[in-house]
Structure formats: structure tokens, C-alpha cells
Amino acid sequence: MTGIKIVCVGRVKEDFFRDGIAAYVKEIRKKYSMDIMECPDEPTPDQCPTSVERQIREMEGERILSKIKDDDYVIALCIDGKHYSTSAWKKRMERVFSTVSSDVVFVIGGSLGLADKVVRRANEKLSFSALTFPHQMMRLILCEQIARIV
């Protein structure tokens, strides 16, 4: 593996999330290169129709895909992804890190989730919970979990 990337929709506005993410990224960078790449999120009108939600996901999906290289190993964070215990996920990621020759890219969608084409591009889908978290919190949780296993 050449490095770890997180591609995500939206910015982190709260200092407490930024500080926590920065602390975990600092730990991860002791062993691996690590980048977080943000894509702008689209405003979502209240009570917008499903067709508009799909268009928003597609626009955000294009932005996400533009940051992913053809040879990247992509892990999409999805509610319907595979669940792991911490020890099982550590073993899984050790295998991925040791066998993948490119970057490992984790993808976090916006408030409406990921576009289908982003999920299809993924090499695997990962879920930390059946609950929905704000993208800022999910970024913090993901960084903590990566720091835990490296």
C-alpha cells in the first residue's frame, strides 16, 4: 500500500471534530501517508423529491470519483456494508494493506449517502453501525478506527 486517503463530502466546521481528527491523523502518519480530500456538498432543500435527492447524490458522486485513481482500492462506508468487530477489522485491513499496491481510499458520502456509481466503484463496503451519523462524526470515528489498527 502506498497510503491512506479519505474522500468525503462536506467540510468539518466544529473545532472539536477538527481537533480530534487532526490528533488521529497525526498518529496514522507515524506509519502511513494520510490525506483527507473534501468534496463540496450540495445544498438539500427541505422535503425535496426523490428525483432531486438522486441528482444531488450523482453530483456529489462525480466529485468523489474525480479524486479516486483507477488503481486505488476503494472502501465505501455504507449502512448496508459489512460489519466487523475491531479485531476482525484489524485483520482484514492488515491483509488489504499488505496486498494492495496502491492507495487505500475510504469514501464517506454526504447527508443523502453515496451515489450508486460510487458504491459500484468500491472494492468493498464497510459499515460501522446501522445508525446514521453526521459526516463530520463519521470522519472522526473512521480516523479513530484507522489509528487503532495501524
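Is C8 buried or exposed? C8 counts as buried because its relative accessibility is 1% (buried is under 20% relative accessible area, exposed over 50%, partly exposed in between, with a 1.4 Å probe and protein chains only). The model is predicted, with local features requiring pLDDT of at least 70 and side-chain atom pairs pLDDT 80 or more, while totals for chains, interfaces and linings use all residues. Residues are numbered from 1 along each chain as its sequence is written, and side-chain values use heavy atoms, without hydrogens or water.

The whole structure contains 0 disulfides (pairs of cysteine sulfur atoms within 2.5 Å). For C8, the nearest cysteine sulfur belongs to C39, 7.2 Å away. C39 is likewise in no disulfide. At 1% relative accessibility, C39 is buried.

Helix 3 spans residues 86-99, and helix 5 covers residues 135-149 (helices are DSSP runs of H or I, at least four residues, numbered from the N terminus). The two pack at about 75 degrees, their axes 10 Å apart (axes are lines fitted to C-alpha atoms over the stretch in contact; angles run from 0 to 180 degrees between N-to-C directions). Helix 3 and helix 5 are therefore roughly perpendicular, a class covering 65 to 115 degrees. T86, W89, K90, M93 and F97 of helix 3 meet Q145, I146, R148 and I149 of helix 5 (contact means heavy atoms within 4.5 Å).

E144 also lies in helix 5. Its relative accessibility is 17%, so E144 counts as buried.

Methods
Angles under 35 degrees count as roughly parallel, over 145 as roughly antiparallel, 65 to 115 as roughly perpendicular and the rest as oblique.
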